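Subject: Structure handover

Hello,

I am passing this structure on to you. Please have a look, then read my notes below.

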Amino acid sequence: MRWSAREAEMFVYVAGPYTLGDVVQNVRAACAAAEAIVRAGHTPFVPHLCHLWHLVSPHHHEYWKDYDRAWLEKCDVVVRLVGDSRGADIECARAAELGIPVMSLEDCLALPVGGLVVEPR
């Protein structure tokens with residue numbers, strides 16, 4: 001499968017558990033969701049992958065929160081993965097403040113490419 005940007009694709013922020021429970025399993029679940037989002041014709045942003053970047057170039061927690069927030073504000077949709085996560089709850093609340101739809105992975109995958117009308121911010 002080859003990735004390519006499409007005009008009607010949505011940019012999807014993946015919000016879900018990271019530090020609560022098994023970090024590796026949480027990152028794996030986020031990557032699996034991202035793969036499904038790509039196969040549905042959209043482009044995911046997976047903040048969990050900053051885990052690897054942090055191993056190479058560590059930054060304070062606030063740095064990563066600010067970095068993720070900047071991406072969240074550019075996305076069309078936020079997918080909230082199942083599981084307890086204070087951070088994901090905060091991200092979803094921020095998305096709601098900005099008028100960015102928050103939905104389950106299943107609901108996102110059911111949307112046709114170009115099928116969600118998002119009002120300009």
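Which side chain meets that of Arg 39 in a salt bridge? Glu 35 does, at 3.1 Å, N to O. Please keep in mind that the model is predicted. Arg 39 and Glu 35 sit four residues apart in helix α1, so about one helical turn separates them. Arg 39 is exposed, at 60% relative accessibility. Glu 35 is partly exposed, at 36%.

The whole structure has six salt bridges. Another one pairs Arg 80 with Asp 89, with 2.8 Å between the closest N and O atoms. Here Arg 80 is buried, at 18% relative accessibility, while Asp 89 is partly exposed, at 45%. In helix α4, Arg 94 and Glu 97 are three residues apart and also form a salt bridge, at 3.0 Å. Shared partners join Glu 73, Arg 94 and Glu 97 into one network.

The largest nonpolar core has 15 residues. Val 12, Val 14, Ile 37, Val 79, Leu 81 and Leu 105 touch the most other members. β1, α1, β3 and α5 each give two or more residues to this core. The largest share, four residues, comes from α1. A second, separate core holds 10 residues, including Tyr 13 and Cys 92.

Last, the largest pocket. Its space is about 780 Å³. Of its 27 lining residues, Tyr 18, His 61, Lys 65, Asp 68 and Gly 87 are the closest to the centre. The lining has 12 nonpolar, eight polar and seven charged residues.

Best wishes

Technical notes:
Residues numbered from 1 in each chain as written. Predicted model: local features only at pLDDT ≥ 70, side-chain atom pairs only at ≥ 80, totals over all residues. Heavy atoms only, no water. Core = buried A, V, L, I, M, F, W, Y, C linked by side-chain atoms within 4.5 Å. Buried < 20%, exposed > 50% of the residue type's maximum accessible area, 1.4 Å probe, protein only. 1 Å grid on protein atoms, 1.4 Å probe; cavity = no way out; pocket = protein on both sides within 12 Å on 5 of 7 lines; lining within 4 Å. Points joined across faces, edges and corners; volume = space filled by probe spheres on them. Nonpolar A, V, L, I, M, F, W, Y, C, P; charged D, E, K, R; others polar. Salt bridge = Lys/Arg side-chain N within 4 Å of Asp/Glu carboxyl O.
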